[in-house]
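This report goes through one protein chain, from its overall fold to single residues. Please keep the sequence and the coordinates at hand while reading.

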Amino acid sequence: MQAELDADYPDLEIQILGVNEIGYDRDNDEMVADRALPWLQDDAQADVWESWGVTYRDVWILDGENEIVDIYNLTDNTLGDPSNYSDLLEIFVSAASD
């Protein structure tokens with residue numbers, strides 16, 4: 001999806017990145033192997049998962065002011081379904097366009 005956003009909407013400068021939950025850092029090497037998306041490791045100081053109330057496989061969409069626009073869960077909305085993929089893509093574009 002990042003490649004599609006970059007190709008079709010380069011002026012919107014949409015960036016997707018992952019934030020790994022505290023305690024799951026042992027799998028980071030495997031997670032980033034052969035992938036281009038930035039992958040951040042949460043830690044006790046930032047405590048992003050806890051402070052934001054993240055649920056596993058959440059996609060948090062922020063606008064240009066880092067305000068939450070939407071939360072889209074990939075367990076409930078698998079991207080293998082073209083409709084879900086299209087919905088998430090449109091959420092990204094809409095958030096970046098506003």
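## Fold and overall dimensions

The model is predicted. Its protein chain holds 4 helices and 4 strands, and from the N terminus the order of these elements is α-β-α-β-α-β-β-α. The radius of gyration is 14 Å, close to the 13 Å that the globule rule gives for 98 residues, so the chain is as compact as a globular protein of that length.

Taken along the principal axes, the box filled by the C-alpha atoms is roughly 35 × 30 × 25 Å. Of the contacts between residues at least 6 apart in sequence, 28% join residues at least 24 apart.

## Burial and surface

Of the 98 residues in the protein chain, 24% count as buried. The chain exposes about 6,900 Å², and carbon and sulfur atoms supply 47% of that area.

## The largest pocket

Rolling a probe the size of a water molecule over the atoms shows where empty space is left. In this model the largest pocket contains about 1,600 Å³ of space. Its lining is made up of 48 residues, and those nearest the pocket centre are I16, L17, G18, V19 and D58.

Which elements give two or more residues to the lining of the largest pocket? The helices that do so are helix 1 (2–8), helix 2 (28–32), helix 3 (48–52) and helix 4 (82–97). The strands that do so are strand 1 (18–20), strand 2 (39–41) and strand 3 (58–62). Sorted by class, the lining has 31 nonpolar residues, 8 polar residues and 9 charged residues.

## Residues with positive phi

Most residues other than glycine have a negative phi, and most peptide bonds are trans. D34 has a positive phi of about 60° although it is not a glycine. D34 is placed in the loop between helix 2 and strand 2. Is D34 buried or exposed? With a relative accessibility of 85%, D34 counts as exposed, because the cut-off for that class is over 50%.

R57 is another non-glycine residue with a positive phi, in this case near 70°. The loop between helix 3 and strand 3 contains R57. The relative accessibility of R57 is 38%, so R57 counts as partly exposed.

D63 sits in the loop between strand 3 and strand 4 (68–73). Its relative accessible area is 24%, which means that D63 is partly exposed.

What does D63 touch, leaving aside residues up to four places away in sequence? The answer is V69 and A95. D63 also has A96 at 5.9 Å, C-alpha to C-alpha, although 33 residues separate D63 and A96 in sequence.

## N84 in helix 4

N84 is part of helix 4. At 12% relative accessibility, N84 counts as buried, because buried means under 20%.

The contacts of N84, not counting residues up to four places away in sequence, are with Y72, N77, T78 and L79.

Key: Residues numbered from 1 in each chain as written. Predicted model: local features only at pLDDT ≥ 70, side-chain atom pairs only at ≥ 80, totals over all residues. Heavy atoms only, no water. Rg over C-alpha atoms; globule rule 2.2 N^0.38 Å. Buried < 20%, exposed > 50% of the residue type's maximum accessible area, 1.4 Å probe, protein only. Contact = heavy atoms within 4.5 Å. Areas by Shrake-Rupley, 256 points an atom, 1.4 Å probe, with all protein chains shown as cover. 1 Å grid on protein atoms, 1.4 Å probe; cavity = no way out; pocket = protein on both sides within 12 Å on 5 of 7 lines; lining within 4 Å. Points joined across faces, edges and corners; volume = space filled by probe spheres on them. Nonpolar A, V, L, I, M, F, W, Y, C, P; charged D, E, K, R; others polar.
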